[in-house]
Amino acid sequence: MSEVIEITLRSLLVSGLATLLAALFAVPLGLYLGLKGSGRAGRAAIYAGMALPPVVAGLFFYFLFSRSGPLGALGLLYTLPAMVLAEALLAFPLIAGFTLAGAAERAPRVRTLVRALGGTERQVLPTLLVESRRVVVAALAAGFGAAISEVGAATIVGGDIRHATRVLTTAVVLETRRGNLEAAAALGAVLLGVALLVNAFLVMLEARR
Amino acid sequence: MRRLLGLLLFLGTLASAGGVLRLATTTSVYDSGLLDAILPGFERETGLHVQVIAVGTGQALKIAGRGDADAVLVHAPALEAEFLRRGLGVRHRCVAKNRFLIVGPEADPAGVRGARGALDAFRRIYARGALFVSRGDDSGTHKKERALWQAAGLVPDGRPWYLESGSGMGATLTLASEKGAYTLTDLGTFLYMRDKVRLLALFDRDDPRMLNQYGYMEVNKKRFPWVNAAGARALGDYLLRPEVQNMIGDYQKARFGRSLFTPLFGRCAVPVKP
Amino acid sequence: MITARGITKRLGAFALRVEHFSARQGEVVAVLGPSGAGKSTLLKLLAGLLAPDSGEVRREGLWAYLEQDPYLLDRPVWANAAFGRRLHGESADRARQATLYWLRRVGLLGLAERPARDLSGGERVRLALARALAVEPAGLLLDEPTANLDPANVARVEGLIREARDAGQGVVLVTHNLFQARRLADRALFLLAGEVVEAGPAPAFFTSPRDPRTRAFLSGEMVW
């Protein structure tokens with residue numbers, strides 16, 4: 001039982017950090033592209049990023065962090081930081097895409113308003129950020145959902161090592177593989193519960209403001 | 001950005017700093033729970049923390065062959081020999097053995113029960129066109145199964161009754177149970193799953209062809225200078241210690257009424273020559 | 001004071017040409033014309049939201065622009081009203097204090113804490129007006145502020161426009177409502193297909209327009 005708690009906390013930690021890390025870059029990017037208007041190249045790149053198969057991301061990081069690979073000296077393979085990076089890469093296009101869509105929708109009117117009252121172009125971005133906050137929260141929810149349900153990349157890059165890199169998704173696969181379907185279902189229920197709770201929290205946050 | 005990289009670096013080195021030994025092994029070994037039973041003693045003694053990565057045999061050897069693990073424990077003598085030949089591993093030791101079984105539905109449409117030997121059993125399945133589930137994942141079990149088909153002079157590929165699951169042993173057994181199919185399985189996984197599947201052990205004999213031998217190798221430090229060679233060697237020594245070998249033999253014996261693993265005390269039943 | 005000279009602007013097939021336009025402090029200039037005449041475009045050029053292809057616009061002081069169907073921020077009413085002042089560097093507390101006065105002037109003080117999206121159509125326009133007035137501009141550039149409002153709100157908004165003019169602010173008012181123009185304008189301008197047909201001081205413009213097209217428009221005939 002305590003191992004389930006350990007695995008759950010680890011899932012939250014890894015996926016939470018991954019979402020925040022991705023958001024750190026994705027939200028400003030989405031806002032910036034939304035502000036610029038026809039960032040066609042940027043938008044195309046984000047949409048392509050959303051189509052990135054998670055296992056491909058996992059393989060990419062595996063080869064990158066493998067001891068025989070270019071960043072092998074960092075010793076990051078089969079560690080939590082590597083999982084955070086892989087999940088962050090997967091969450092990034094989602095968060096950027098959502099943010100971009102929301103920002104692009106609002107940007108022209110926000111710009112008009114700021115200029116109409118004598119503000120400068122530089123004041124548009126912060127205003128847009130505040131105006132888009134609900135959208136950003138939705139983007140974070142989407143990103144977190146992708147991160148916490150990730151199993152392919154998490155396995156390849158993390159190794160599903162007990163007491164080290166095992167998370168809810170990889171544990172479900174493990175128990176399924178072993179034929180312990182009841183245990184797998186129980187873990188799946190926990191995963192579902194966690195995902196719903198976090199999303200409920202985010203929705204609450206968005207509604208309160 | 002730089003601080004982020006620094007933090008990641010720090011966390012990364014934490015993972016490998018002081019006393020971690022990475023062992024790549026197969027899912028069937030891992031799922032048997034044997035390692036969870038015997039590793040804690042080793043960890044207590046040496047202060048090392050053993051991280052076990054359980055994947056298919058092919059992947060386990062690949063991981064070890066890139067220096068991403070310090071030692072490897074698999075059950076595929078031919079691949080182990082190649083691993084040694086390519087200078088990726090050193091000091092091969094035979095740790096234990098058990099056997100493969102052919103399991104299948106109680107009705108036994110192909111008459112495997114009455115087979116004269118392992119090859120005859122496979123020929124009967126082929127002749128009957130009975131449903132057969134293959135691991136299909138380059139695992140030790142899969143390789144053994146392919147070798148048996150080949151030795152029997154048969155090619156099941158493409159036949160409608162030949163299903164390839166691409167999954168681990170437990171999932172394969174579940175699939176075979178659902179479909180009422182035959183499959184080749186290792187003893188350990190089957191004993192664990194016995195109550196969960198509607199399959200019987202139809203061919204369960206001390207046949208040399210069904211021998212499943214587990215070999216341990218240390219990853220070559222000359223090739224991969226960063227590996228924990230001392231720790232890998234210590235683990236190998238530990239596994240071959242007579243008391244530990246006996247522990248391996250006793251593992252789950254009380255529960256199943258038979259040994260899951262038969263210790264070899266270092267004497268290979270199947271020679272592994274590079 | 002706001003002046004525009006030699007303005008041309010091309011937007012697709014449409015072309016706007018205004019040789020000279022001006023509005024002073026303390027006067028209301030009504031800009032009239034049928035749909036598509038270029039009234040909104042002219043207003044945006046005056047506001048500096050669009051750049052003219054040629055000519056220049058000179059503004060003395062801040063001329064606040066109010067678009068048709070004004071955009072309200074996703075925040076409380078008072079925060080919307082205070083937004084302009086915050087843009088000019090005032091702290092949140094002081095801006096809030098100042099705008100409460102303007103909210104009272106437009107009759108929205110009771111709704112100050114409510115989210116802006118809860119407001120009715122008339123209340124939205126009044127809030128946008130309070131927001132523009134709160135920055136104490138030299139003048140207002142209003143794009144059909146009372147379109148779609150009920151008579152009570154129309155009267156209220158017109159009252160605010162009059163008060164702004166009497167307080168010394170300039171007002172450029174684009175409107176479809178000829179009666180409103182007659183009520184409020186000190187000067188008026190008739191735009192047709194991107195050209196200024198006629199411009200002049202108020203009572204004369206409405207009672208005895210010089211151009212037959214102006215006459216036709218003012219008497220309610222569709223002018224193409």
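Predicted model: local features only at pLDDT ≥ 70, side-chain atom pairs only at ≥ 80, totals over all residues.
Local features require pLDDT of at least 70 and side-chain atom pairs count only at pLDDT 80 or more, whereas totals for chains, interfaces and linings use all residues. Residues are numbered from 1 along each chain as its sequence is written, with chains lettered from A and ligands numbered from 1 in the order in which they are written.

In chain A, the axes of helix α4 (residues 80-116) and helix α5 (residues 124-131) come within 9 Å and cross at roughly 130 degrees. Helices are DSSP runs of H or I with at least four residues, and strands are E runs of at least two, numbered from the N terminus. Axes are lines fitted to C-alpha atoms, for helices over the stretch in contact, and angles run from 0 to 180 degrees between N-to-C directions. α4(A) is therefore oblique to α5(A), a class left over once angles under 35 degrees (roughly parallel), over 145 (roughly antiparallel) and 65 to 115 (roughly perpendicular) are set aside. From α4(A), A:Ala103, A:Arg106, A:Ala107, A:Val110, A:Arg111 and A:Val114 meet A:Val124, A:Thr127, A:Leu128 and A:Glu131 of α5(A).

Chain B is assigned domain 1 (2-98 + 211-263) and domain 2 (99-210), with bounds from an automatic or database domain assignment. The C-alpha centres of these two domains of chain B lie 27 Å apart. In chain B, 16 residues of domain 1 are in contact with 18 residues of domain 2 (C-beta atoms, placed from the backbone, within 7 Å). On the side of domain 1 of chain B that touches domain 2 of chain B, α2 (27-32), α4 (57-64) and β9 (211-219) of chain B each supply at least two residues; the largest share, four residues, comes from α2(B).

Technical notes: Contact = placed C-beta atoms within 7 Å.
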